[in-house]
Amino acid sequence: MNRLRILSLTTLMLMLASRLPGQTPANGEDWDGQIVACNDGTITFNVAQAYLYSKSFSGYQWQASGWFKVAPGKCQEIPSRHYHNGGWGSKDSYTLLAFEFYDSTGTWGGVRISPGDNVFHASNQQFCVKPLEAFEYARDSPQGDLPRVCDGAQTGYQMIPASFEYTGRLGTALGYDWRNELHIKLGPNDRAIPLGKQTSSDAQSAVANPNHNPPPPPVAPRIVVSPAPAPPQRPHPAPIMVGKADVSHLAGLLLGDSREYVSYILGPPTADYAEDSSAFGGYPYTRDDGLSMRVNYRNNLVESVKVYSKGSRGTDPLLDLLGKSEAAAVAMLGPPKTRESLWNIDDTDLVWSFPLGGRPADRQPNPQAIQTLTLHFKKGVGCQYVAVQW
C-alpha cells in the first residue's frame, strides 16, 4: 500500500513538472485566469472584453463587458474568467481584449496594440461594444463565431477591432501566479481609429497608427455600411479671468465638455443626479486622486462643476485654494462681489461674478448663480469647496 502511494505521488509530481508556467491547459482541463491591464504611457485608455465559453451540448456563449478605465501609471484588473481546453472538435475558452482612447488631437476611437506575446496573442477579430458607456451583454453562438455586424444590438453599439486573445494559463493549482499583466503604452503620437458601423473587413483595413501595428491585408474591399458621426471634440473656450485665475475650466473639465467626455476621463457617475446639502444639483464623480466632484449638464454639455476637498491640490490655481483662508482667496481672485453667511457664522460663501456670452457680470450675485465662482469657507477648516456656474 505504501509503495503504491509513493508511486502515485511520484507520477503526479512528474505530471506537474512537465508543465511550464505559460502553458495553456491540456485537453479537458480547466484553469482560472486574471488579466491585469497596466498603463505605461501618458494617455488614459479603456478596455473591453469578450469572453467565449462552452455551454456543453447547447453550443457557446459570448459574454462582453466594458469599459475598464486605466489611467497613466495605474493597473486595472479585468474580471477573472474560467478557461477550458475543449480538445478535439470543441473550441477553447478565451477572451478578446479591445481598447478605446482619446488621442492627443482630441479624436476618439479604437486602437490596435501590437505585438502580442506568449500569453496575449495578437488577434484579427472584432466584437460589438457601446463606445464610451458602460455595457454588458451575453450572446449565444452555436458555433462560437462572432457576428460580422452588431446584429440585434441596441442603438449605440458599434464594432471594434480586438488587439489580443487570451486563453489563460496554468494557475495556482500548480503553484504559479494566475495573474497575467498586459502592459500598454500610448503616447502623443498614437492615433485613434474612429469607429462606426462596419463590416468584418473594416477592422482589418483600419489604418495603422504609430503604435507599430500595420493592418493585415484586407479580405474584401472596405465597405462602410453607415458612416459614424465625427467623434466628439473638446471645446476651446476663451479664458474667463477672475483675478489671476482662469475660470473657463475646473478640475480638468472645460465649459462645454460633453457628457461622454466626462465619462471617459472620470468614469460613470457614482450615483444618480441629486442636490447636495447646499442645493447644488448634479451628478457625483470621483477622480483617480480621490477628489470629489459634482457636475451638471445643459443639453448634454457641462454647465457647472463643484469640487470638494479638505486640502490643496496644487495643480490648478482654484483647487490650490482648497483648505486655504479667505485672505488667500482674495489675494488671488480680488475682492468678492458677495459675502454671505448662509447657515451660521462659521460657514461663509464668497462669490465672484464674470461676463459670459455677451451677458454682463452680476454686481451682487447669489452663491452658485449663473456666471459665478463660489468658494465656501468653514471656520477652522478653510475653503471646503469651489464651484463654477457658467
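Colleague: Which cysteine does a disulfide join to Cys128?

Modeller: In this predicted model, Cys128 is joined by a disulfide to Cys150, with an S to S distance of 2.1 Å. The link is right-handed, with 120 degrees about the S-S bond.

Colleague: Where do Cys128 and Cys150 lie?

Modeller: Cys128 belongs to strand E8 (residues 126-129), whereas Cys150 sits in the loop between strand E9 (135-141) and strand E10 (158-161). The pair links distant parts of the chain, 22 residues apart.

Colleague: Is Cys128 buried or exposed?

Modeller: Cys128 counts as buried, because its relative accessibility is 6% and the cut-off for buried is under 20%. Cys150 is partly exposed, at 21%.

Colleague: How many disulfides does the count come to?

Modeller: The count comes to two disulfides. Cys38 and Cys75 also form one, with their sulfur atoms 2.1 Å apart.

Colleague: On another topic, which residues touch the most other members of the largest nonpolar core?

Modeller: Those are Val47 and Phe99, in a core of 47 residues. Strand E5 (residues 94-102) supplies the largest share of this core, seven residues.

Colleague: And what is Val47 in contact with, leaving aside its neighbours within four places in sequence?

Modeller: The contacts of Val47 include Ala37, Trp67, Phe68, Ile78, Leu97 and Phe99. Another core, of 35 residues, lies apart from the largest one, and among its members are Leu250, Leu333, Leu350 and Phe377.

Note on methods. Residues are numbered from 1 along each chain as its sequence is written. This is a predicted model: local features need pLDDT of at least 70, side-chain atom pairs count only at pLDDT 80 or more; totals for chains, interfaces and linings use all residues. Side-chain values use heavy atoms; hydrogens and water are left out. A nonpolar core is a set of buried Ala, Val, Leu, Ile, Met, Phe, Trp, Tyr and Cys residues joined through side-chain atoms within 4.5 Å. Buried means under 20% relative accessible area, exposed over 50%, partly exposed in between (1.4 Å probe, protein chains only). Helices (H or I, at least four residues) and strands (E, at least two) are DSSP runs, numbered from the N terminus. Contact means heavy atoms within 4.5 Å. A disulfide is a pair of cysteine sulfur atoms within 2.5 Å.
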